[in-house]
Amino acid sequence: MSSGEKCGAVRIGRDWTECVKDVVKRDEWCRVAICGPKNSGKSTLCKYIVNQLLSAHGSVLYIETDLGQPEICPPGHISLSILREPLLGPSYTNQPILSPLAISPTSPHLTTMCRGVGKVSPA
């Protein structure tokens with residue numbers, strides 16, 4: 001990552017900053033897919049994009065497909081959520097879901113679907 005905006009203990013590179021600016025300034029719906037090898041910063045980039053979009057638009061429809069280290073549901077699950085508050089801290093701090101299918105209107109993350117789709121092996 002090149003030097004750029006500092007966000008807590010993470011230094012956000014100019015390439016990420018420019019990419020996110022392009023996404024946030026759009027007036028119409030857009031889709032963003034993040035992919036890459038292990039430990040390349042995919043989750044950090046997703047959090048950064050989500051939080052910037054929340055600042056600009058107030059809510060984000062988020063599809064979580066990281067089975068190993070998900071932000072919203074327990075490991076081994078995918079989820080579809082409407083996010084209304086920023087994703088802060090480690091992923092386990094953003095998991096208010098206790099059942100495989102949960103709809104919680106009081107949660108800042110209104111998870112509309114959370115489904116188990118795989119096994120999680122020990123690290």
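What percentage of the 123 residues in the chain do buried residues make up? Turning to helix H2, which of its residues are buried, and which elements are included in what covers them?

Tutor: The model is a predicted one, in which local features require a pLDDT of at least 70 and side-chain atom pairs a pLDDT of 80 or more, while totals for chains, interfaces and linings use all residues. Residues are numbered from 1 along each chain as its sequence is written, and side-chain values use heavy atoms, with hydrogens and water left out.

Buried residues make up 30% of the 123 residues in the chain; buried means under 20% relative accessible area, exposed over 50%, and partly exposed in between, with a 1.4 Å probe and protein chains only. The chain contains 2 helices and 5 strands, and from the N terminus on the order is β-β-α-α-β-β-β. Among contacts (heavy atoms within 4.5 Å) between residues at least 6 apart in sequence, 44% join residues at least 24 apart.

Helix H2 covers residues 42-57. Its 16 residues should span 22 Å at 1.5 Å a residue, and because the C-alpha atoms at its ends are 22 Å apart, the two values agree. The expected span is 1.5 Å times one less than the number of residues. After H2 comes Gly-58, with a positive phi near 90°.

The buried residues of H2 are Leu-45, Lys-47, Tyr-48, Ile-49, Val-50, Asn-51, Leu-53 and Leu-54. Helix H1 (14-24), strand S3 and strand S4 (77-83) are included in what covers them. An α-helix has 3.6 residues a turn, so residues three or four places apart point the same way.

Trp-16 counts as buried because its relative accessibility is 12%. Although Trp-16 and Leu-45 are 29 residues apart along the chain, their C-alpha atoms are separated by 7.5 Å.

Apart from neighbours within four places in sequence, Val-50 is in contact with Val-60, Tyr-62, Leu-83 and Leu-87.

Lys-47, placed in H2, counts as buried because its relative accessible area is 17%. Not counting residues up to four places away in sequence, Lys-47 touches Glu-71, Leu-87, Gly-89, Pro-90 and Ser-91.

A pocket is an open set of points on a 1 Å grid over the protein atoms alone, where a 1.4 Å probe fits and protein lies on both sides within 12 Å along at least five of seven lines; lining residues have an atom within 4 Å of a point. The largest pocket has a volume of about 900 Å³. Its lining comprises 28 residues, of which Val-32, Val-60, Leu-61, Tyr-62 and Ile-63 are the closest to its centre. H2 and strand S3 (60-64) each supply at least two lining residues, and the largest share, 7 residues, comes from H2. The lining divides into 15 nonpolar, 5 polar and 8 charged residues; Ala, Val, Leu, Ile, Met, Phe, Trp, Tyr, Cys and Pro count as nonpolar, Asp, Glu, Lys and Arg as charged, and the others, Gly among them, as polar.

The second largest pocket holds about 360 Å³ of space, a volume being the space filled by probe spheres set on the points, which are joined across faces, edges and corners. Residues that line this pocket include Asn-39, Lys-42, Ser-43, Gly-68, Glu-71 and Ser-91. By class, its lining has no nonpolar, 7 polar and 4 charged residues. Asn-39 belongs to the loop between H1 and H2 and has a positive phi near 55°, although it is not a glycine. Asn-39 counts as exposed because its relative accessible area is 82%.

Definitions and conventions. Helices (H or I, at least four residues) and strands (E, at least two) are DSSP runs, numbered from the N terminus.
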